Amino acid sequence: MDVVSRRLSDSDKSAAPSCSSSGAAPVIFEFLHPRDLLNLARTTGSFRAFLMSRTSALYWKRARQSVEGLPDCPPHLSEPAYANLVFFPHCHNCLTGNIHTIIYEFSARYCRRCKKHMLIKADDAIYELFEYVEKITGMNEEFVICLMGKHNHEDTYFHAPEWGEFRRYWATLSESDLDAMKVYIQTRVITVNLVKEWAGLLLKWKDLQEMRKVKELARIRAERFQTLLVFLKQEGWEEELEFMISEDYTRLSEMPFARKPSKLTARSWLANKNAAHAFMADVKAARLRVERMAVLNARFNVLAQRIDVSYRSRGELRHPEWDMDPQVIDFAFIPSLQEILDAPGDNTTEPPNIVALIECATLDWKNAMKVELVERVRAAVPDLGEVSDPLFLATAIFSCNTCCGAERVPPLHFPELLAHPCLRYTSGVIKPGMEAYVATVYSRCDPGYGPLTLDCLKVDLRMVQSLRSIIEAMGLNSLQATRAELDSSDVRLVCSACRLQGHTSGVMYEAFDWMRALTHSGMIHAVSEALPCSWAVLDPNLAGAVRLREDQLKASMSYIFNPSSHENRQRFGCRLCPYSCLGTWNMMSHLEKSVFRCPLVAPKFP
């Protein structure tokens with residue numbers, strides 16, 4: 001029963017209802033809820049005077065008894081005060097609303113602000129008084145209700161009104177009247193025990209009410225969910241509901257339109273219809289996406305197996321040239337193959353012309369890479385514009401933005417650069433909105449591995465200029481010399497700046513082939529940073545001795561396993577699998593592990 005109260009004017013008070021024990025109104029009071037009696041008592045002075053009188057205690061009692069399981073009114077509270085404590089969610093000090101926490105031991109509700117002065121924290125003075133009472137009376141029982149702190153159990157709090165009443169009455173007692181003190185303390189102990197016992201009963205009732213409320217809300221939500229399913233079936237989602245798994249039903253039940261603790265009617269369904277349809281559409285799209293990815297995975301398996309068979313037909317062990325070919329992830333994005341792999345339907349059989357398609361796709365992929373590299377070289381070095389195939393020139397060199405950093409590394413040439421691992425590094429991850437085809441491709445790859453792109457490559461003009469000066473010092477034409485000609489050249493060079501340093505300080509100077517000379521050109525000279533490399537041709541006899549020493553060093557184990565050597569920054573590939581790494585020690589570790597996979601071809605180390 002909801003009662004709307006208003007203040008009556010003087011002229012209206014004569015019209016206020018007159019409550020008497022013989023009227024019909026008191027009979028109605030017996031059927032009201034305690035909350036209704038509280039609201040009624042606050043409407044007019046007549047109702048308040050009548051309901052607050054001792055003669056109305058029966059009405060409060062019968063109203064209280066209508067509340068299932070509610071403990072009896074404790075002796076320290078009146079029936080109206082008891083109803084006010086349990087059913088009036090306002091601060092008992094300032095009347096602030098929405099206060100649902102009851103301090104049962106203190107029979108009060110307080111807002112956060114009022115708690116600061118209505119609850120007294122125990123201090124030394126209070127403990128001294130407790131010790132004094134124990135010393136005088138010889139009683140060590142709790143005679144004033146105290147509460148432990150919620151977050152700090154070392155804190156103890158007392159109710160300010162109760163503590164003040166105790167202090168005032170205790171001050172009236174004389175130490176000479178020891179019996180009176182003991183009687184008072186005994187009375188207090190009995191009261192405290194009764195209050196705590198009643199508080200425990202009321203707390204259990206409150207917990208039971210919360211449990212019933214939770215169960216009732218769960219029942220209402222379950223009924224609403226079942227009604228929701230009926231409406232969805234009527235709207236054409238019956239087939240999709242049959243496809244849904246338990247996780248989908250759980251997510252549906254947790255949606256706001258499904259969790260509202262109220263009955264779902266035809267009218268309320270109209271307000272939630274669009275949200276429910278949107279959820280079901282997402283579920284269907286996710287299911288179709290999973291089914292589509294399963295079909296795509298089966299097609300990729302067929303492609304991968306065919307590629308593997310094609311490679312194995314060339315021989316049992318891998319060759320370096322294989323790393324320059326497109327991988328499965330590259331084939332997946334070649335238009336001619338993507339059109340077949342991403343074709344509608346669920347056919348997963350191998351196409352009859354798959355071998356020819358793979359061969360054509362490989363040529364198309366390599367040509368596309370070559371065309372893009374040629375454009376970059378011609379854009380950076382205009383002098384090569386007239387050359388028909390500039391990629392085979394020694395000066396068509398590239399640097400990697402990812403792995404170079406401040407350390408100069410050997411340049412990259414075509415086609416070997418297609419095996420450079422940085423070209424496959426990617427930050428792409430599978431995202432919820434990603435197209436099913438792309439998501440399937442990336443789901444088959446290791447993290448950070450993607451299709452080959454040339455984004456991290458650049459034409460380093462400083463390196464190109466350095467190499468040109470080296471080629472010209474070797475007596476060759478920088479616009480015609482190929483890498484093969486430089487590798488086969490018998491010419492060895494010395495750096496004039498380093499040679500000058502050797503003559504002045506007595507330090508031996510180095511002799512360089514073209515690759516080591518290019519690496520050396522990036523070093524900072526000890527004589528002067530402004531002194532550039534100036535190359536001179538070494539005497540042919542000395543050059544012959546240098547070449548012989550180079551061959552000896554390259555054949556030695558110290559050269560192969562020297563990780564600090566600039567000229568030794570080579571990648572090694574495993575012939576048993578596609579694994580590759582920088583440096584010999586990593587490859588040794590990999591091959592040692594390969595013993596367990598293929599003991600017949602695993603290398604033997606001394």
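**Entry: ground rules**

I am working with a predicted model, where local features need pLDDT of at least 70, side-chain atom pairs count only at pLDDT 80 or more, and totals for chains, interfaces and linings use all residues. Residues are numbered from 1 along each chain as its sequence is written, and side-chain values use heavy atoms, with hydrogens and water left out.

**Entry: the whole chain**

I noted 23 helices and 9 strands in the protein chain. These are DSSP runs numbered from the N terminus: helices are H or I with at least four residues, strands are E with at least two. The protein chain has 606 residues, and 38% of them count as buried. Buried means under 20% relative accessible area, exposed means over 50%, and partly exposed is in between, with a 1.4 Å probe and protein chains only.

I also looked up contacts with a separation of 6 or more in the protein chain; residues 24 or more positions apart account for 61% of them.

I went back to the opening pair. Two packed helices are described by the angle between their axes and the distance between the axes. For α2 (residues 34-41) and α4 (residues 57-65), the axes come within 8 Å and cross at roughly 145°. Axes are lines fitted to C-alpha atoms, for helices over the stretch in contact, and angles run from 0 to 180 degrees between N-to-C directions. The residues of this contact divide into 6 nonpolar, no polar and 1 charged. Here Ala, Val, Leu, Ile, Met, Phe, Trp, Tyr, Cys and Pro count as nonpolar, Asp, Glu, Lys and Arg as charged, and the others, Gly among them, as polar.

I then checked α5, where 8 of the 9 residues are buried, so α5 is largely enclosed by the rest of the structure. Its buried residues include E79, Y82, N84 and F87. They pack against α2, α3 (45-51), α4 and α9.

I looked up two residues in the loop between α5 (79-87) and α6 (112-118), starting with L95. L95 has a positive phi of about 65° although it is not a glycine, and at 58% relative accessibility it counts as exposed. S107 is in the loop between α5 and α6 too. Its phi is positive at about 55°, and S107 is not a glycine either. At 14% relative accessibility, S107 counts as buried.

Leaving aside neighbours within four places in sequence, V133 is in contact with G138, F143, F166, W170 and I185. F166 and W170 are among the buried residues of α8. The buried residues of α8 pack against α6, β1 (119-121), α7, β3 (156-159) and α9 (178-243).

**Entry: cores and α15**

I looked for nonpolar cores, meaning sets of buried Ala, Val, Leu, Ile, Met, Phe, Trp, Tyr and Cys residues joined through side-chain atoms within 4.5 Å. The largest has 64 residues, and F331, L373, F398, L417, L418, L457 and I470 touch the most other members. Helix α15 (residues 354-380) gives the largest share of this core, 9 residues. Another core lies apart from it, with 27 residues, among them F29, L40, F47 and L77.

For L418, leaving aside neighbours within four places in sequence, I listed contacts with D323, M324, W365, M369, L423 and L452. W365 and M369 are among the buried residues of α15. C360 also lies in α15, but at 45% relative accessibility it counts as partly exposed.

**Entry: a cis bond**

I noted that the peptide bond from F414 to P415 is cis, with omega near 5°. P415 lies in the loop between β4 (399-400) and α16 (436-443).

Note on methods: Contact = heavy atoms within 4.5 Å.
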